[in-house]
Amino acid sequence: MKEVVLIVNPSSGQEKAKIYEKKAVAKLESLFDKVTVKYTEKSGDATRFATEAAQNQCDSVIVMGGDGTVNEGISGLAEQDYRPTFGFFPLGTVNDLARALSLSLDPEEAIANFSLDHTTTLDIGKINDAYFMNVVAIGSIPAALNDVESEEKTKLGKMAYFVSGLKQLANTKTYDFQVVLDGVDKKMTTSTMIIGLTNSIGGFEQLLPDAKVNDGLLHLIYLKDQNVLDTVKSIPDLIKGVRDTTENLVYHPFKQAVITLEGEEELVTNIDGDEGERLPLEVTVLPSHLTVYGG
């Protein structure tokens with residue numbers, strides 16, 4: 001018997017999840033023998049529900065929510081020996097993984113287009129004891145993104161992050177990092193470090209145009225900035241898409257890294273749009289770790 005667990009975040013999609021849920025259940029009931037719906041109430045619920053589904057040997061886990069809920073669903077499957085096929089209906093602010101997998105950002109269309117015949121493999125990242133499916137951002141501007149309120153995300157969409165980043169520019173400071181990148185020691189001085197898994201970062205779909213969802217690589221970008229002017233100079237390079245190191249930033253694909261902040265300051269990361277792990281970090285890629293619907 002093919003069973004699917006649908007995990008719904010009721011607060012996603014400007015709280016329209018209930019409307020889309022009925023359509024999602026109807027679609028899934030046409031494809032599976034049993035559909036079980038679980039509702040998240042707090043952080044960690046989607047992770048727990050996904051883990052339980054894996055332990056119960058369910059065929060598939062589908063998440064309905066934004067990037068944070070999708071991250072939780074993937075995190076719940078990451079450490080399981082048996083991992084159900086994963087899918088999601090995007091309801092969030094940015095929906096980076098949906099963009100990377102070429103899924104419709106319109107929930108109704110995504111539900112209508114859902115098919116058991118279209119699957120691909122997906123790399124996921126591990127950062128200390130946590131997981132990510134899209135991006136780790138480190139530095140003064142990424143730290144500011146942790147302060148973006150849910151109301152701002154709802155009102156401004158992905159521009160909420162852009163506006164927050166611009167506000168932080170005046171307070172930009174650089175940090176000295178010691179990084180072991182695929183076994184090679186490097187020193188990096190920068191205000192902002194980005195580690196991406198897919199081409200879409202923060203809703204900008206060609207920030208890493210060569211990154212694929214299953215290329216087995218992590219993609220590091222860091223700015224060569226010593227002051228605000230240097231930071232501003234790097235923006236055009238980011239917008240046009242990063243394929244190589246330029247005068248204003250460094251690009252380096254890799255598989256494993258250890259990142260340490262020199263000095264006694266503390267620095268919190270931003271993982272898939274939410275506040276994440278503190279440095280020091282060990283970051284690695286888990287190649288083709290999940291099978292996902294889409295792509």
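Me: Why is Glu108 called partly exposed?
Reply: Glu108 has a relative accessible area of 41%. Buried means under 20%, exposed over 50%, and partly exposed in between (1.4 Å probe, protein chains only), so Glu108 counts as partly exposed. The model is predicted: local features need pLDDT of at least 70, side-chain atom pairs count only at pLDDT 80 or more, and totals for chains, interfaces and linings use all residues. Residues are numbered from 1 along each chain as its sequence is written, and side-chain values use heavy atoms, leaving out hydrogens and water.

Me: What makes Glu108 and Lys23 a salt bridge?
Reply: Their closest N and O atoms are 3.8 Å apart. A salt bridge is a side-chain nitrogen of Lys or Arg within 4 Å of a carboxyl oxygen of Asp or Glu, so the pair qualifies.

Me: Which parts does the pair of Glu108 and Lys23 tie together?
Reply: Glu108 lies in helix α6 (residues 107-113) and Lys23 in helix α2 (residues 17-29), so the pair ties together parts 85 residues apart in sequence. Helices are DSSP runs (H or I, at least four residues), as are strands (E, at least two), numbered from the N terminus.

Me: How do you know whether Asp45 is buried or exposed?
Reply: Its relative accessibility is 3%, so Asp45 counts as buried. Lys42, its salt-bridge partner at 3.1 Å between the closest N and O atoms, has 55% and therefore counts as exposed.

Me: Why is Arg99 called buried?
Reply: Arg99 has a relative accessible area of 16%, so the term buried applies. Arg99 meets Glu205 in a salt bridge (2.7 Å, N to O).
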